[in-house]
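Please consult the sequence and the structure shown here while reading.

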Amino acid sequence: MPHPESAGAAAAPQPSPLTPPNAGEQERPLPAADERATTRPAPDALQQARTFAAAGETAAAMTTLRALIAREPRHARARAYLAELLDKRGDSAGALDELGRALEAAPDDVVILCQRAQLLTNKGRYDQAEADLRSAVRVDAESADVQFQLGVLFCKRARWREAIEPLRAAVAGDPDRVQAHYYLGDAYNSIDELPSALSAYQAAAALDPTHHRALQAIGIVLDRLRRPNDAAIAYQRAREAQRR
């Protein structure tokens, strides 16, 4: 290959396989196997993909990730991030496939186990989600994210009493997690432990004053506690928050 300084003025630089596509949001095709063998990998392709995604260049991010995975098929975090982007595009099947491959390479990765469990929970595949979360608990029982997702899963399955312990652990491990307080309120409310439910909902609303569902729930609990005037104030705050 001629030195850049000896090339003619009309010689154009060859595009890097990590260069973002110029045309819209279409992914570029992956380089051929012989091209991959002679192309020097980027120093941090995963970070470059994150930079593309943060700039709104999702297709460029996905192209970068696919090129990285083609070079390193067992790169679990690259597959997990590709799964995240696929899910945002509505391709949950593709996301689950990538997460499955990621966990084949890194079966004890708690972050990826939680990521797949959340996606499975959202799709109503609760048994599979719980299996992933049980695996995550065996690896890191202290993880606030694991405990939170386990509590949410139990709430969605109406296993309210079982939800309380993991949600309390999630709140203890991450006191600023608004949704942990909110779901803990739901769990307490559903088993008629109203003072505890009120406290949890109030904690959620204190962290996020625009959380209209928490404010609405405060009103409901106050009504159940026969405090209609306070309930009316909570309902008004909920309406105001919802209009924002």
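## The last helix

In helix α13 of this predicted model, the residues A231, A234, Y235, A238 and A241 are buried. They lie on the same side of α13, because the arc they cover around the axis is only 125 degrees. An α-helix has 3.6 residues a turn, so residues three or four places apart point the same way. The other side of α13 carries the exposed residues N229, I233 and R243.

The partner of the buried residues of α13 is α12 (212-224), against which they pack. Helix α13 itself spans residues 228-243, 16 residues in all. From its first C-alpha to its last, α13 reaches 23 Å, close to the expected 22 Å.

In soluble globular proteins, nonpolar side chains tend to be buried together. Here the largest nonpolar core comprises 73 residues, and L65 and I218 have the most contacts inside it. Helix α4 (residues 76-88) supplies the largest share of this core, with eight residues.

Beyond residues up to four places away in sequence, L65 touches L46, A49, A78, Y81, L82 and L85.

## The chain as a whole

The protein chain contains 13 helices and zero strands. Of its 244 residues, 42% count as buried. The accessible surface of the chain comes to about 13600 Å², and carbon and sulfur atoms account for 48% of that area.

Among contacts between residues at least 6 apart in sequence, 47% join residues at least 24 apart.

Conventions: Residues are numbered from 1 along each chain as its sequence is written. This is a predicted model: local features need pLDDT of at least 70, side-chain atom pairs count only at pLDDT 80 or more; totals for chains, interfaces and linings use all residues. Side-chain values use heavy atoms; hydrogens and water are left out. Helices (H or I, at least four residues) and strands (E, at least two) are DSSP runs, numbered from the N terminus. Buried means under 20% relative accessible area, exposed over 50%, partly exposed in between (1.4 Å probe, protein chains only). Contact means heavy atoms within 4.5 Å. Accessible areas come from the Shrake-Rupley method with a 1.4 Å probe; for residues, only the protein chains shown count as cover. A nonpolar core is a set of buried Ala, Val, Leu, Ile, Met, Phe, Trp, Tyr and Cys residues joined through side-chain atoms within 4.5 Å. The expected span of a helix is 1.5 Å times one less than its number of residues. The arc is that of the directions from the helix axis to the C-beta atoms.
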